[in-house]
Amino acid sequence: MKYRYFIPTIHFGPIKGTTISQRLPLELIEGLIIGDSAEFEINREIFSNGEGILKEKKLLKYSKSKWVNLEAENFIWTNLNNDNLCYLETTMNVTDGAVMHHHIPGYYVFYTNKLSKSYLSCGSYKYGNPRVILQVAEFGQWLDGYPCINIDKDIDTTYSIIIINPYNRVTNIEIEIPELNISLKIKVKPKRTERVDFSEIIDRNEWSGQVYVYGSQRAVIYFVNHKISSFANITTIEHPDPFRAEKTKLPRLQKLRSSFHTFLKSKRDDN
Amino acid sequence: MIDSLNQDKYICYCQKVKSEDFINYIRLNNITDFNLACNRTGVASKCSACLANLEDIFILEKGKYYKKPSKRKIDKKLSLMQSVINKADMLSGQTSFKLEGIVPILYNSEVSTWLVVSNFYPKILSKKKIPFHLMCDIFDSSGNKVKTINKKILPDSNVKICLTDYLELDKNKIIISGSASIVRYSNYMGSRGSTRPHFFYKTTGSMATLHTQDGYLKNLFMSLANGTKTEKKILFIKNIGNKINKISWKIQGSKINIKDSNFSDNFNIMPNGSHILSLPQDISDSYHTNYIIKSSERIKTYLIVASESFDSISVDHIG
C-alpha cells in the first residue's frame, strides 16, 4: 500500500515549568519512504482546556536519499505560564511522494525541567489501533488498564491517571479498581485533558494493584508516578496496558509461522 | 491487511457495518471523498479505531496508486489461501501463547526491584475468568541463575515478588544490576487480558512501574534529550546470547574528544549477565546527546533515568 500521511500521534503536554522535546525518528521514517524523494508537512498543535494554544507548521524534505532541512525534525516547547493540563497532537502528511505504512515508527518525547530529573514518554496513535478494534469486537467497548498503580504515603508517592480526549465528542469513561470495589465515572469534554490522583480516591496508606479504564468511546490514557505533595515532581509517564482480546491459545502451525517470522526479522536486524 | 479484514465480521464493530456494505455504498453512490463515505455510512464515528482499516479499503477501491482490483478476484484468491491455512491450523492442534520478557533488576540498600503480575478482571468481564502461570528465572550480574520461581495466579488475585531478595548486596557499589526472565501463559482458553508482567523500582521517593518486554538487538542508536546536570542516565544491558558479549559504545557527532574513555568504551558481559552503563551527556549540545552501542551478541536494553541520590528512578524500553 501507498499512503500520503501518518496517523496522528498524541503526547501528554508538558506541565508548567517543563520543556517538551520531540525529535522525529527520521532514520526510521527514511525506511518507509517509497523512492528516493518525498516532502512532508508536519503540524504540531498543543491543546489545552478545549482550545489550541500553539500551532506550528513545518516542511521537511527528503531528496536523493538525504534529509534536506533538518530543522523540522525537532520540536522544543517550554510551558511557561499555562496552569492547565495540555496535550500535543502531531500530524505528518506527505505532500509529495508516498510512504509504505501509515503508522509512524515508535519514538519518545522528553520532558525536562530545572528542578527534578527528566522523564520520557511514547506517543499514542489517535486512531487506527488494532487492539481497540479487537476489544470492541469481543467486549463491545474499549478497555485499557494498568496492573500496578502504586501509592505509598510514607514516601510521598502516588499515581495519577491522565485522560486526554483529542476527539470532537464528549467522552464518558469509567475508572474501576476491582480489588477495592471502587469505580468512578468521568466526563471529558473535547480537546481537554483531565487528571485523577489515585491517592485521593484510595483510602490506604500503601497500596499496589490493578486499575481498569473503559468506555464506549476511546480516550488517550497515561499513568503518571509523582509526589503526592507536588504533581510537578514527576518520576515517570507510562501508557496503559490494554486488556487483550486475543486468545490464550493459538494453533501450533500459527506459532511456528510466528517463530519463523521472528527468526527472519532478527536475522535482518542483526545485519 | 486484506487478509485480516476478511476474517473480521464487521469493519466497524461499533456501528455493526460489514466491509462489503462499506464497499457497496462507495460503489453504488460513486463516493470519492473518504470523509463523506464515513459520515454517510456512520462508520468510525464512535471509537474511531477502524479508521485505518477503512482507509485501506477506500484506497484499494478508489485510490489513484493502484489499478482497481476486482473484489471477486480478491475474495476468491484469499478465500482459497485462507481456507488452506485455516485447515492446516486446525489440524496442527493448539498450544498456549507464551508472553516472554526481561526484567532489568536494579538495587542497593535503598532501591529494590519488584515484579507484579495481575489477574484481576473488570466487572464487565466477570464470566470469562481464567488462571495464569508465571515462570521467573533470576540472574545476578555475572549471569549466574540464583532462583527459579513458578507461580499460579488465580483469577481476582495478583502476585508481587521482591526480586532483589534473592540477590547479594555489595555495599561497595552505588547501584547493582541483575535480571529476570519472565514467561506468562495460561493452559485455559480465554482472553490474554491485562496480565502482562510489570515491575517497579521502590526507592525512598518513587515507585515507577513498567511492563516487561522481549525483542532483542545488536546495534542501538539513541538520541536523548539532555536533562539536569545532576541526573543519571543509565543504559541497562542484558546479554541474551550464550557467548561472552563484546560491547562498544560512543557518543556520536560530538565536538568533544571521543577518544576520552568517559565518552566511549568497550566491555564484556557474560552469558545471561547484565551491565549498567552510565551515559554522559554531550555538554557541547544543549538539547540532545546521540549514542551508538554495538554488541557481538544480542542484547536487551532499558533506559533508566535517576535523580542524583536514586530517590526517583524511571525506566523505559529503548531500541
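Analyst: Strand S20 (residues 249-251) of chain A and strand S1 (residues 94-96) of chain B run antiparallel, joined by 3 bridges. Pro251(A) stands opposite Gln94(B) in S1(B). This is a predicted model: local features need pLDDT of at least 70, side-chain atom pairs count only at pLDDT 80 or more, and totals for chains, interfaces and linings use all residues. Residues are numbered from 1 along each chain as its sequence is written, while chains are lettered from A and ligands numbered from 1 in the order in which they are written.

User: What makes S20 of chain A and S1 of chain B a pair?

Analyst: Two strands pair if DSSP finds at least two bridges between them. Here 3 bridges join S20 of chain A to S1 of chain B, so the two strands pair. Strands themselves are DSSP runs (E, at least two residues), numbered from the N terminus.

User: Why do S2 and S5 of chain B stand at the edges?

Analyst: The open, antiparallel sheet has the order S2-S7-S4-S5 (chain B). Strand S2 (99-107) and strand S5 (145-153) of chain B each have a single partner strand, so one side of each is left without a neighbour in the sheet.

User: Which strand of chain B pairs with S5(B), and over how many bridges?

Analyst: Strand S4 (residues 132-140) of chain B, over 8 bridges in the antiparallel sense. Met135(B) stands opposite Asn150(B) in S5(B).

User: What makes up the contact of chain B with chain A?

Analyst: The contact takes 70 residues from chain B and 70 residues from chain A. Residues are in contact if their C-beta atoms, placed from the backbone, lie within 7 Å.

Definitions and conventions. Two residues are in contact if their C-beta atoms, placed from the backbone, lie within 7 Å. Helices (H or I, at least four residues) and strands (E, at least two) are DSSP runs, numbered from the N terminus.
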